[in-house]
Amino acid sequence: MRIARFAAGGDPQFGIVELAEDGGDHPDTVAVLTGDPIAMPVQLTGERRELDAVRLLAPVIPRSKVVAVGRNFAAHAAELGNDVPTIPLTFFKPNTAVIGPGESIIYPPASNEVSFEGELAVVIGRICKEVPLERVADVIFGYTIANDVTARDLQKTDGQWARAKGYDTFCPLGPWITTHQSLEEVADLQIRTTLDGEERQHGSTNLMVFSIPELVVYISSFTTLLPGDVILTGTPAGVGAMLPGQEVSIEIEGIGTLTNPVAGSAPGASSTPSIKGSVR
Ligand code: MG
């Protein structure tokens, strides 16, 4: 099942996405649900909309946190001159960094090098702490796609990554959450990132240093995970800078494609940051 969060002129709603490619004689549609399936038991309302007629939002606004994992692909660690960690390297991204499909990643004036990082994201479905390996599947609601946008220059100069990884708009999520895959299935999915249609990253989740179950066990050993929290599982090799005016897409086999334009001032230019009021 694919769970989307969307707006159709009013407040955000949730629905089940049914794609024409799955078979059946219909356009891509979304069957509207009575509420947020991560937070409550839900039912179908009976209302159905064409997917093209709604605006997809981030499929989840993490309740408390996005926990991200750095250097979880050996080739990516190597391309930035880093060793592979012996225990998972974790950091937080604030939930205010989350944006949805099609929303702009805003280039901050303080950075001259904003990079994409295509990643598989795990959405937590229940409150949990110290999850044993054999219970990991029980605490996962589903999977989506994330772009762990990073101001690479600030990451190097700051040491701590709160700013470089935490700017508003630096955590695109979407286009929806898939709930049907097993841990075995998501352990071998192709991840492909393109910039203006040109392939920049192409890896597989089977190249992760620490597997999704190992990450959930590790992260829940030090922090309580809440329903709607999100774990970013690391990026394959090929990361690189984006520029305002470009468009970045991350495709993960079996999930979908997350596309975001890049906006803001060109690197080096001075500008006044703008604050956009919109439904996230
Ligand atoms: Mg990353």
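These questions and answers walk through a few local features of a predicted model.

Local features need pLDDT of at least 70, side-chain atom pairs count only at pLDDT 80 or more, and totals for chains, interfaces and linings use all residues. Residues are numbered from 1 along each chain as its sequence is written, and side-chain values use heavy atoms, with hydrogens and water left out.

User: Is E21 buried or exposed?
Analyst: E21 sits in the loop between strand 2 (13-18) and strand 3 (29-33). Buried means under 20% relative accessible area, exposed over 50%, and partly exposed in between (1.4 Å probe, protein chains only). E21 has 68% relative accessibility, so E21 counts as exposed.

User: Where do the buried residues of helix 6 lie around the axis?
Analyst: Helix 6 spans residues 212-222, and I212, P213, L215, V216, I219 and S220 are buried there. They cover an arc of only 160° around the axis, taken from the directions from the helix axis to the C-beta atoms. That puts them on the same side of helix 6.

User: Which peptide bond is cis?
Analyst: Look at strand 14 (residues 171-178), where P175 is placed. Omega is near 5° for the cis bond from G174 to P175.

User: Is T169 buried or exposed?
Analyst: T169 lies in the loop between helix 4 (162-166) and strand 14. Its phi is near 80°, a positive value in a residue other than glycine. At 11% relative accessibility, T169 counts as buried.

User: What is the phi of D196?
Analyst: D196 is in the loop between strand 15 (190-195) and strand 16 (198-204). At 48% relative accessibility, D196 counts as partly exposed. D196 is a residue other than glycine with a positive phi, near 50°.

Methods:
Helices (H or I, at least four residues) and strands (E, at least two) are DSSP runs, numbered from the N terminus.
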